[in-house]
Amino acid sequence: MTANRRRGVLSIDEGTTGTRAAIVLDDGRATPPAYLPISVHSPDHLRVEQDPAEIWAKTSQVCREALEWAQAHGVEITGVSIATQRATVLLWDTVTGKPLTPGVVWQDRRYAARLRAWEADWDAHLIEHTGRPVGSRAPLLWAAREIDDNPAARRAHAAGRLAFGSIDTWLVWKLTGGAVHAMSATNAVAAGGYDLRTGGWHEPWVDFLGCPRDVLPQILDEDGDYGVTDPSVLGARLPVLSVMGDQHAALIALGAHRPGQAMCVHGTGTFLDAVAGDRPPVHRRQVPGVLTLVGWRSRGSAVFSLEGYAATTGSAVRWLCEEIGLFESPAQLAALAREHPGPSRVRFVPALAGLRTPVWSPEATGVLTGLSLSTTRAELARGVLEGIAHSVGDLLDGVEEAMGAPVTELFCGGGLAGSDELMASQADLIGRPVRRAGANESASLRGAAYLGGVRAGLWPDLSTVVAGLGDVPVFEPTLPDSARRQARAEWRDLLTRHIAHAQEETPS
């Protein structure tokens, strides 16, 4: 190897609607990613599914394209890092290597009604031990039901050849040629059965849901030992350096490493995560939808975080564009929003799959109101972005209330964060500066690679690599406090009326 040869990490970011891979170089920057879309199917209003075989085929393809780029440019690959969508799960046959079920996506709510019946008995216990209430989805319950009702899964389990996992488990298993059946801590937390104190599966909940323990993967640190890639898969034997949930990877890449720092990422949904320290935080008050998570686990130590999320912000924008046809693309929506000075009289609540925060209402639907004959597409676009900004305000209020302390710095990323209007609206409605991190669209790719790269010796620590990326643009609030309070009060009134209506319409 020549003295000046570049080094890098092959980093995978497998999201809900697409998978990408790129080389994260030793200066902390990512090369242009190879990308392929992934199909999402909704057979009915409760079910959301994907094809695990498609996920693997497209992920392996973008990996090969990224490795070809590295070879062409003389970059030495030190290992592989993986960031994935969380709480999307599947079952597969460990002998044939074939999935036996669809991938059930984290937005799926097929068991929401059944789960609500268990809230009174289980919520307090689960919040204490796993950091989250019963909620509207339970991947372990789904696995138990599939083993009971799906003949192929039942036969595989009886033969000792059935495996359960989230997407990170599936990709690691495929990359290592079936040698490793593991799940990262951040993905295990999202699966709903992680014990915050022991770092393993919380067996009372696992057993109550009826999920056999023998199908569960081992839970590892984000930079734990995930084995090496099978040379027949990617053409090289590379260590799998790190594996983590995509939002946690973004937390690292955007620079939120210390208590009080937080990040907000606009993807399929909008996620707001605040770093809480090295112990599970004691919620000052239980706030609907605000969860205690492992931010990441490294070398046996955990960093904890608090998270709130709105499930369908980005997917609501895509729905407005692709299904309803109001805009040609999210980029056109953002461009039109620039033409309206704001604020908009249009109100848009992007709750196409229920609400979590500030009120737990899985039966809630989206709202588009305030329309008149004078409404223009520009005002409509502005109203959509303001609705997403209000949702961020709800998440931030909830996280701060649960934490009992303010968020001192908010870093933003994700596709919609490229809109200056959205960033400015967020700053106005939360009443504090918003920092748009550089290269934020590649945050999950880079964050997973940064953790893996520290393990491989590319960087001494996480702060060093992030600091090397330079300063970030800051959006300061310009809305007077009185106007901000009024806007937030009107938003909360809209939510209150809409939730009451949704509950009246829900069959008992």
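**Entry 1: Glu 119**

I began with Glu 119, which counts as buried because its relative accessibility is 18%, and the cut-off for buried is under 20%. I note here that the model is a predicted one. I located Glu 119 in helix H3, which covers residues 119-130. Setting aside residues up to four places away in sequence, I found that Glu 119 touches Val 134 and Trp 360.

I then looked up Asp 225, which sits in the loop between strand E10 (218-220) and helix H9 (231-234). Is Asp 225 buried or exposed? Asp 225 counts as exposed because its relative accessibility is 60%, and exposed means over 50%. I recorded that its side chain reaches the backbone nitrogen of Gly 227 at 3.0 Å. Not counting residues up to four places away in sequence, Asp 225 touches Leu 220 and Arg 455.

From Asp 225 I went on to Leu 241, 16 residues apart along the chain, and noted a C-alpha separation of 7.4 Å. Leu 241 belongs to strand E11, residues 240-245. With a relative accessibility of 4%, Leu 241 counts as buried. I listed its contacts outside four places in sequence, among them Val 9, Thr 78, Glu 222, Gly 452 and Arg 455. I also checked Leu 241 against Pro 212: the two are 29 residues apart in sequence, and their C-alpha atoms are 29 Å apart in space.

**Entry 2: strands and their pairing**

I traced an open sheet of seven strands with mixed pairing, in the order E14-E15-E13-E12-E18-E19-E20. Its edge strands are E14 and strand E20 (474-475), each of which pairs on one side only. Within this sheet I followed strand E13 (residues 270-277), which pairs with E15 in the antiparallel sense over seven bridges. Thr 270 stands opposite Ala 310 in E15. I wrote down as background that strands of a sheet pair through backbone hydrogen bonds, either parallel or antiparallel.

I next examined E2 and E3, which run antiparallel and are joined by four bridges. Which residue of E3 is the bridge partner of Thr 19? The partner is Leu 36.

I looked up the largest pocket, which holds about 930 Å³ of space. Of its 40 lining residues, the closest to its centre are Thr 17, His 266, Gly 267, Thr 268 and Gly 415. Which element gives the most to this lining? Helix H11 does, with five residues. Other elements that each supply at least two lining residues include strand E2 (18-25), helix H10 (246-253) and helix H15 (443-456). By class, I recorded 14 nonpolar, 16 polar and 10 charged residues in the lining of the largest pocket.

The second largest pocket has about 540 Å³ of space. I noted that 19 residues line it, and that Ser 42, Ser 315, Arg 318, Trp 319 and Leu 352 are the closest to its centre. The lining of the second largest pocket divides into five nonpolar, eight polar and six charged residues.

**Entry 3: backbone details**

I first recalled that most residues other than glycine have a negative phi, and that most peptide bonds are trans. Against that background I looked for other cases.

The peptide bond from Gly 342 to Pro 343 is cis, with omega near -5°. Pro 343 lies in the loop between helix H12 (330-337) and strand E16 (347-349). The bond from Thr 357 to Pro 358 is also cis, with omega near 10°. I found Pro 358 in the loop between E16 and strand E17 (367-369).

Ala 87 has a positive phi, near 65°, and is placed in the loop between strand E5 (76-84) and strand E6 (89-93). Ala 87 counts as buried, at 3% relative accessibility. Arg 299 also has a positive phi, near 55°, and is found in the loop between E14 and E15. Arg 299 is exposed, with a relative accessible area of 63%.

At its start, a side-chain oxygen of Asn 150 reaches to within 3.0 Å of the backbone nitrogen of Ala 152. Just after H5, Gly 160 takes a positive phi of about 70°.

Note on methods. Residues are numbered from 1 along each chain as its sequence is written. This is a predicted model: local features need pLDDT of at least 70, side-chain atom pairs count only at pLDDT 80 or more; totals for chains, interfaces and linings use all residues. Side-chain values use heavy atoms; hydrogens and water are left out. Buried means under 20% relative accessible area, exposed over 50%, partly exposed in between (1.4 Å probe, protein chains only). Contact means heavy atoms within 4.5 Å. A polar contact is a pair of N or O atoms within 3.5 Å; within protein, one must be able to donate a hydrogen and the other to accept it, and residues adjacent in sequence count only if both atoms are side-chain atoms. On a 1 Å grid over the protein atoms alone, a cavity is a set of points where a 1.4 Å probe fits but cannot get out, and a pocket is an open set with protein on both sides within 12 Å along at least five of seven lines; lining residues have an atom within 4 Å of a point. Grid points are joined across faces, edges and corners, and a volume is the space filled by probe spheres set on the points. Ala, Val, Leu, Ile, Met, Phe, Trp, Tyr, Cys and Pro count as nonpolar, Asp, Glu, Lys and Arg as charged, and the others, Gly among them, as polar. Two strands pair if DSSP finds at least two bridges between them.
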